[in-house]
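Q: I would like to learn how to read the features of a protein model. Can we go through them one at a time, with the general idea before the case?

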Amino acid sequence: MILIINNHGQYNHRIHRTLRYLQIPSELVPNTTPLDDLISRDPEGLILGGGPSLERSGNCVEYIQKLEIPILGICLGHQLIAKAYGGEVATAEAESYAQIELEILDEDDIFRGLGPRMSVWASHKDEVKKLPDEFDVLATSSICEVEAMKHHDKPVYGIQFHPEVHHTRDGHRVFENFYDVCRS
């Protein structure tokens with residue numbers, strides 16, 4: 001089962017619905033859930049959903065730092081991963097909520113079969129400004145240098161865009177690829 005951490009974002013329920021549609025077992029849980037409760041559910045992976053602010057992210061940094069399972073951070077979740085590993089997050093130069101074109105630099109695991117370009121729906125109010133030392137950039141765009149990233153050694157991924165919305169063509173394949181990582 002994949003646990004989806006609800007960070008109060010408007011699309012957290014949509015992530016859950018998308019996984020159900022893909023027949024990926026999942027459960028949506030509050031970001032205030034104690035770490036021991038998450039561990040007791042024995043999840044295969046964790047998705048950190050989007051949300052309005054870093055200040056309302058509950059126990060997410062603890063989950064990132066202490067769980068030894070695959071993690072996918074979406075939007076705010078992506079930014080939380082960066083901060084947990086020593087990166088920097090700041091307000092985007094070009095704040096937008098729009099369709100953008102990703103340039104996939106490394107198809108790696110989560111972008112397998114999706115490169116070299118992908119049309120996605122992205123929210124850019126805040127973004128990763130300094131990549132953590134232990135991470136590589138997987139995708140970039142004309143408005144954001146770090147659209148997607150991956151830890152060098154761990155199955156920890158962050159993406160700035162929203163694969164769960166209809167406007168992200170082939171977004172479901174990002175979830176399917178992440179689920180493959182969780183089961184391997």
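A: Start with the elements: helices (H or I, at least four residues) and strands (E, at least two) are DSSP runs, numbered from the N terminus. This is a predicted model, in which local features need pLDDT of at least 70 and side-chain atom pairs count only at pLDDT 80 or more, while totals for chains, interfaces and linings use all residues. Residues are numbered from 1 along each chain as its sequence is written, and side-chain values use heavy atoms, with hydrogens and water left out.

Q: What is a salt bridge, and how many does a search of the whole structure find?
A: A salt bridge is a side-chain nitrogen of Lys or Arg within 4 Å of a carboxyl oxygen of Asp or Glu. The search of the whole structure finds five.

Q: How far apart along helix α3 are E62 and K66?
A: E62 and K66 lie four residues apart in helix α3 (residues 60-66), so about one helical turn separates them. Their side chains meet in a salt bridge at 3.7 Å, N to O.

Q: Which parts of the chain does the salt bridge of E27 and R41 link?
A: The side chains of E27 and R41 meet at 2.4 Å, N to O. The pair links distant parts of the chain, 14 residues apart: E27 is in strand β2, and R41 is in the loop between α2 (35-40) and β3 (45-48). E27 is partly exposed, with a relative accessible area of 28%. R41 is also partly exposed, at 34% relative accessibility.

Q: What is the distance between the closest N and O atoms of E127 and K129?
A: In the salt bridge of E127 with K129, these atoms are 3.2 Å apart. E127 is buried at 5% relative accessibility, whereas K129 is partly exposed at 35%. Elsewhere, salt bridges that share partners join R112, D180 and R183 into one network.

Q: How do I read strand pairing, and which way do β1 and β2 run?
A: Two strands pair if DSSP finds at least two bridges between them. Strand β1 (residues 2-6) and strand β2 (residues 26-30) run parallel and are joined by five bridges. Within this pairing, N6 stands opposite P30 in β2. Between the two strands the chain passes through helix α1 (residues 12-21), and this β-α-β crossover is right-handed. Right-handed has a viewing rule: with the strands pointing away from the viewer, the path from the first strand over the helix to the second runs clockwise.

Q: What is P30 in contact with, leaving aside neighbours within four places in sequence?
A: Contact means heavy atoms within 4.5 Å. By that rule P30 is in contact with N6 and Y63. P30 is partly exposed, with a relative accessible area of 47%.

Q: How is strand β9 paired?
A: Strand β9 pairs with strand β4 (residues 71-74) in the parallel sense over four bridges, and I74 stands opposite I159 in β9. Strand β8 (residues 148-151) runs antiparallel to β9, with three bridges between them. A hairpin of four residues joins β8 to β9, and M149 has G158 as its bridge partner in β9.

Q: Which way do the residues of β9 (residues 156-159) point?
A: V156 and G158 point one way and Y157 and I159 the other way, and all are buried.

Q: What is a nonpolar core, and which residues touch the most other members of the largest one?
A: In soluble globular proteins, nonpolar side chains tend to be buried together. A nonpolar core is a set of buried Ala, Val, Leu, Ile, Met, Phe, Trp, Tyr and Cys residues joined through side-chain atoms within 4.5 Å. The largest core here has 31 residues, of which I47, L72, F111 and I159 touch the most other members. Helix α5 gives the most to this core, with six residues. A second, separate core of 25 residues includes I5, L46, L48 and L76.

Q: How many residues does helix α5 have, and which of them are buried?
A: Helix α5 (residues 171-183) has 13 residues. Its buried residues are G171, V174, F175, N177, F178, Y179, V181 and C182.

Notes
Buried < 20%, exposed > 50% of the residue type's maximum accessible area, 1.4 Å probe, protein only. Expected span 1.5 Å × (residues − 1).
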